[in-house]
Amino acid sequence: MRIPGAGRGRGQRSRSLPPAPAVGRGRPDLRLGAGWRNVRPGATLTDRVVARHTVQTSIAEYTLVLNGMGAVGWRGVGDALRDAVAELRAIDLTYSPARPASLVSRLRRGEISADAYPPLADIVARCAAMRAATDGWFDAWAVPGGFDPGGLLVGWAVERAAARLRAAGIRDYAVVSGADLVVRGHAPHGGPWRIAVHHPTQGERQPTMLEMTSGAIGTSGVAGRRGHVIDPHTGQPADKLVAATVAGPDLAVADGYATALFAAGRPGLDWFPTRDGYRALFAAAR
């Protein structure tokens with residue numbers, strides 16, 4: 001598997017990369033950080049069919065905003081939404097570390113091998129790739145109790161749900177989970193998705209406004225749980241930062257980088273920007 005960020009270096013770029021998110025203006029469609037749970041796209045063009053739905057699983061809460069052109073119709077949007085929600089629920093049942101019967105839990109207990117199930121093998125391979133790309137600061141095997149892919153599992157789930165939306169013909173959508181998101185195409189008002197990224201602890205500060213038509217933002221440390229990220233070199237809860245936020249093409253990778261940056265602290269900023277397009281937005285110290 002290709003290692004994300006391999007050959008990384010400051011200022012290095014690949015010609016195949018999407019452009020960095022543009023600075024946005026106007027009312028945001030989505031807000032992240034500082035306790036915001038606001039997913040309220042603005043005005044809708046008359047030829048758009050827009051649906052919004054929230055689903056809760058044992059892994060996370062997800063909100064999906066589907067922006068279908070008129071030709072897709074309500075039935076097409078509804079079918080795509082049901083398909084994506086079914087994927088999120090199936091991932092929760094099959095891979096959640098919180099479920100004793102899940103494949104991840106069975107792998108932790110040594111009852112199965114990762115290569116017995118291709119999606120599980122993909123999760124394990126991604127975790128190994130992130131461990132290599134972050135000098136060991138992302139380490140799913142350093143968590144108490146054994147292998148735990150929680151640092152990138154939500155992003156992996158969102159990306160798989162997004163793939164189901166695209167397969168159903170939806171080209172414009174946002175999937176948000178806490179302070180993580182994936183967007184593609186255009187918002188209901190016809191322009192790029194406008195995203196307000198708030199400072200994770202200083203809610204009074206003006207947010208960073210981004211405009212995106214493709215990409216992801218992953219965050220570690222703002223869920224309100226202390227000690228949920230382990231410093232893999234000490235085995236103790238990471239306490240250098242209060243939050244870390246990373247933007248890039250794929251949410252599972254952005255989540256993995258954010259988890260590693262949260263564990264490493266400010267020295268982790270040396271990884272960014274990567275050749276394959278990941279950038280640190282916040283590394284907020286305690």
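Student: Is Asp79 buried, partly exposed or exposed, and at what relative accessibility?

Tutor: This is a predicted model, so every value here is computed from it. Asp79 counts as partly exposed, at 40% relative accessibility.

Student: Which side chain does Asp79 meet in a salt bridge?

Tutor: Arg82. The N to O distance is 2.4 Å.

Student: How far apart are Arg82 and Asp79 along helix 1?

Tutor: Three residues, so about one helical turn separates Arg82 and Asp79. Arg82 counts as exposed, at 55% relative accessibility.

Student: Why would such side chains pair at all?

Tutor: Opposite charges can pair when the charged atoms come close.

Student: How many salt bridges turn up in the whole structure?

Tutor: Eleven. One of them joins Glu111 and Arg106, at 3.5 Å from N to O. Glu111 is partly exposed, with a relative accessible area of 45%. Arg106 is partly exposed too, at 26%.

Student: And Lys240, which residue does it form a salt bridge with?

Tutor: Asp231, with the closest N and O atoms 3.2 Å apart. Lys240 is partly exposed, at 34% relative accessibility.

Student: Asp231, buried or exposed?

Tutor: Buried. Its relative accessibility is 6%, and the cut-off for buried is under 20%.

Student: Which residues do salt bridges with shared partners join into one network?

Tutor: Asp83, Glu87, Arg160 and Arg164.

Student: Switching to rings. How many aromatic pairs are there?

Tutor: Six. Take Tyr95 and Trp156, which sit edge-to-face. Their centres are 5.4 Å apart, with 80° between the planes.

Student: Where in the chain are Tyr95 and Trp156?

Tutor: Tyr95 is in helix 1, residues 73-95, and Trp156 is in helix 4, residues 150-167. They are 61 residues apart, so the pair links distant parts of the chain. Tyr95 and Trp156 are both buried.

Student: What about Trp271 and Phe272, what geometry does that pair have?

Tutor: Edge-to-face, at 6.2 Å centre to centre and 70° between the planes. Trp271 and Phe272 are both buried. They also belong to one aromatic cluster with Tyr257 and Tyr278.

Student: Last topic, voids. How many cavities of 30 Å³ or more does the structure hold?

Tutor: Three. The largest cavity has about 50 Å³ of space.

Student: Which residues are closest to the centre of the largest cavity?

Tutor: Leu32, Gly33, His198, Thr219 and Thr245, out of ten lining residues.

Student: What classes make up that lining?

Tutor: Six nonpolar and four polar residues, with no charged ones.

How values were computed: Residues are numbered from 1 along each chain as its sequence is written. Side-chain values use heavy atoms; hydrogens and water are left out. On a 1 Å grid over the protein atoms alone, a cavity is a set of points where a 1.4 Å probe fits but cannot get out, and a pocket is an open set with protein on both sides within 12 Å along at least five of seven lines; lining residues have an atom within 4 Å of a point. Grid points are joined across faces, edges and corners, and a volume is the space filled by probe spheres set on the points. Ala, Val, Leu, Ile, Met, Phe, Trp, Tyr, Cys and Pro count as nonpolar, Asp, Glu, Lys and Arg as charged, and the others, Gly among them, as polar. Rings of Phe, Tyr and Trp (its six-membered ring) pair if their centres lie within 6.5 Å; planes under 30 degrees apart count as stacked, over 60 as edge-to-face and the rest as tilted. Helices (H or I, at least four residues) and strands (E, at least two) are DSSP runs, numbered from the N terminus. Buried means under 20% relative accessible area, exposed over 50%, partly exposed in between (1.4 Å probe, protein chains only). A salt bridge is a side-chain nitrogen of Lys or Arg within 4 Å of a carboxyl oxygen of Asp or Glu.
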